[in-house]
Amino acid sequence: MIISRTPVRLPLGGGGTDIASYYSRFGGFFVSAAIDKYNYIALKRRFEDGFRVSYRETEIVASVDNIRQPIIREALKLVGVRDYLEIVSIADVPGRAGVGGSSSYAVGALNALHSYNRDSVSRQALAEEACHIEIDVLKEPIGKQDQYVAAFGGINCYEIEKEGTVHVSVLGLSSHTVAELEGNLLLFYTGIKRNASKILGQIKCNEERGIGRVIDSMHKIKKIGYDVRDALKSGDLHRFGELMDLHWQTKKNLSDEVSNDRIDQIYEVAKQNGAVGGKIMGAGGGGFFVFYSGNQKEKLRNAMSRHGLREVRFRFDFEGSKIVLNL
């Protein structure tokens, strides 16, 4: 029995510049953190022939090619496991919620399968394999942020060269800044599930067509990423909150699908009740809202509760994808 545990991510600045349609022309940069909400993948050799894969559905099939769950199917092909397996997944947070759950799932599945094969793989290799499966094989219009944060954990800066190489550097925050940031970031679930691929596909199309406001907004978001890095390193967290607000206002220029009347209303209520800044995580359209608040957190919590949002308490994860059980 092998069990992997892989975190999801909380973007802090520069998100969106990790998509190839942007970084292949201009290079990308983002700051992101892993949090202690996990995807667990458990696998063991199966006594009977065939594969049993359990997620929202349960499949029992004769061969890898017959597996409908695309990430598990392609991960098995890539790693080359020859035994029949039973593979079960459990998630702390729902899918289609903007926290990079599918990429966390991919990294965790690969980590567990490599462990089963007794392969030694680096975090960089795990992230790139997950990117290959999701972007190259499955043709998802996503970037490289989710896979890298899931693999590495921590609070890091990620620089992407035009050809796609990702350089990871630890932000190196003081323990005081980490604790203050952890305490002042509040995460709320809207209950709205959305199709991230549709939104990201539209943004990618707008970039490739060279729509000026979209390209300009992406440049601005990249600059915000660098400013977020500097604000965090200097411990100026109020400035970080202001940059989150600027990021959100800029992000809404990327696509009409990023926000809607309900999301705009929630954001205005949050700003009126103690949020310095915030944003919908991921592509937008629903999922989780994250806000930065200083000394008015209870006021913000109460306001969000009145509007039907559920708070999810979290801490940062500094371990990344790991094998928590190997029998």
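Modeller: What follows is a short tour of some helices, strands and single residues.

Colleague: Ground rules before we start?
Modeller: This is a predicted model, in which local features need pLDDT of at least 70 and side-chain atom pairs count only at pLDDT 80 or more, while totals for chains, interfaces and linings use all residues. Residues are numbered from 1 along each chain as its sequence is written, and side-chain values use heavy atoms, with hydrogens and water left out.

Colleague: And how are helices and strands assigned?
Modeller: They are DSSP runs numbered from the N terminus, with at least four residues of H or I for a helix and at least two of E for a strand.

Colleague: Which of the residues of helix 10 are buried?
Modeller: Ile263, Ile266, Tyr267, Val269 and Ala270. They cover an arc of only 165 degrees around the axis, so they lie on the same side of helix 10. That arc is taken from the directions from the helix axis to the C-beta atoms. Buried means under 20% relative accessible area, exposed means over 50%, and partly exposed is in between, using a 1.4 Å probe and protein chains only.

Colleague: What do those buried residues pack against?
Modeller: Helix 9 (237-251), strand 9 (275-280), strand 10 (288-293) and helix 11 (297-306). Contact here means heavy atoms within 4.5 Å. On the face turned away from the buried side, helix 10 carries the exposed residues Asp261 and Gln272.

Colleague: What's at the two ends of helix 10?
Modeller: At the start, a side-chain oxygen of Asn260 comes to within 3.1 Å of the backbone nitrogen of Arg262. That is a polar contact, meaning a pair of N or O atoms within 3.5 Å; within protein, one must be able to donate a hydrogen and the other to accept it, and residues adjacent in sequence count only if both atoms are side-chain atoms. After the helix comes Gly274, with a positive phi near 110 degrees.

Colleague: Who sits opposite whom?
Modeller: Strand 8 (residues 185-189) is joined to strand 10 by five bridges, where Leu185 stands opposite Tyr292 and Phe188 opposite Phe289. Strand 9 also pairs with strand 10 in the antiparallel sense over five bridges, and there Ala275 has Ser293 as its bridge partner.

Colleague: How many residues of strand 10 are buried?
Modeller: Six of its six. Phe288, Val290 and Tyr292 are buried on one side, and Phe289, Phe291 and Ser293 on the other. In a regular strand the side chains alternate between the two faces of the sheet.

Colleague: Where is there a hairpin with a positive phi?
Modeller: Between strand 6 and strand 7: five residues lie between the strands, and Gly164 takes a positive phi near 105 degrees. Strand 6 (residues 155-160) and strand 7 (residues 166-170) pair antiparallel over five bridges, with Ile160 opposite Val166.

Colleague: How many disulfides?
Modeller: Zero, from a search of the whole structure. Cys131 is in none, and the nearest cysteine sulfur, that of Cys157, is 18 Å away. A disulfide needs a pair of cysteine sulfur atoms within 2.5 Å. Cys131 is buried at 3% relative accessible area, and Cys157 is buried at 5%.

Colleague: Is helix 3 enclosed or open, and why?
Modeller: Largely enclosed by the rest of the structure, because 14 of its 16 residues are buried. Arg118 follows helix 3 with a positive phi near 65 degrees.

Colleague: Last one: what does Ile67 touch?
Modeller: Not counting residues up to four places away in sequence, Ile67 touches Phe51, Val53, Glu59, Val61, Ile72, Arg73 and Leu76. Ile67 lies in the loop between strand 4 (58-61) and helix 2 (70-79) and is buried, with a relative accessible area of 1%.

Definitions and conventions. Pairing = 2+ DSSP bridges.
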